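Hi there,

Here is the structure I promised to pass on.

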Amino acid sequence: MHGKGDQVRTVPSPPTPRARVSAWLDLRGRQPGPLWTGQRGALTISGIIQVVPAVGDNAKLPGLRPHRLRHTYATRLREAGAQVQALLGHAPSTPRLGISALAQPSKPPSSTASPTSTFPGSSTGS
């Protein structure tokens with residue numbers, strides 16, 4: 001994944017989305033390039049900001065936004081016991097009160113939980 005400043009980092013992905021991206025790459029081809037494209041090429045940030053709410057509305061998830069997905073990802077990882085700062089591209093020593101406050105676990109983290117165990121579609125999730 002390319003983050004801010006075009007920095008490349010690896011982030012964990014639950015099994016179901018990973019399988020769906022892999023299936024898409026089988027159709028699209030595995031050559032390097034943008035994962036998703038629009039009518040004029042690679043989706044820009046603006047394009048993603050337009051597409052995500054439309055997809056959310058079609059899926060009966062009104063109010064879906066890219067940053068909301070990021071917060072949900074961080075919350076579920078934290079609930080599974082993961083350290084989310086590095087996964088979100090934050091320096092480990094930099095406090096991120098916004099993410100921390102939103103990502104307070106609703107239950108104590110399990111010491112045996114994997115970062116993907118609480119995601120729907122994962123082999124151990126609900």
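Below is what I found, going from the whole chain to single elements.

First, the ground rules. This is a predicted model, in which local features need pLDDT of at least 70 and side-chain atom pairs count only at pLDDT 80 or more, while totals for chains, interfaces and linings use all residues. Residues are numbered from 1 along each chain as its sequence is written, and side-chain values use heavy atoms, with hydrogens and water left out.

**Overall layout**

The protein has five helices and two strands, in the order α-β-β-α-α-α-α from the N terminus. Helices (H or I, at least four residues) and strands (E, at least two) are DSSP runs, numbered from the N terminus. Of the 126 residues, 22% are buried; buried means under 20% relative accessible area, exposed over 50%, and partly exposed in between (1.4 Å probe, protein chains only). The accessible surface comes to about 9,000 Å², and carbon and sulfur atoms account for 59% of it. Those areas come from the Shrake-Rupley method with a 1.4 Å probe, and for residues only the protein chains shown count as cover.

**The core**

Seven residues make up the largest nonpolar core: Y73, A74, L77, A82, V84, L87 and L88. A nonpolar core here is a set of buried Ala, Val, Leu, Ile, Met, Phe, Trp, Tyr and Cys residues joined through side-chain atoms within 4.5 Å.

Helix α2 covers residues 45–58. Its buried residues are G47, V52, P53 and G56, and α3 is part of what covers them. After α2 comes K60, which has a positive phi near 60°.

On the surface, W24, L27, W36, L43, I48, V51 and V55 form a nonpolar patch with about 660 Å² of accessible area together. For patches, residues need over 30% relative accessible area and no salt bridge; like charges are joined within 9 Å, and nonpolar side chains (Val, Leu, Ile, Met, Phe, Trp, Tyr) within 5 Å. A salt bridge is a side-chain nitrogen of Lys or Arg within 4 Å of a carboxyl oxygen of Asp or Glu. Helix α2 supplies the largest share of the patch, three residues, and α1 (15–28) supplies at least two. W24 sits in α1 and counts as partly exposed because its relative accessibility is 35%.

Best wishes

Notes: Expected span 1.5 Å × (residues − 1). Contact = heavy atoms within 4.5 Å.
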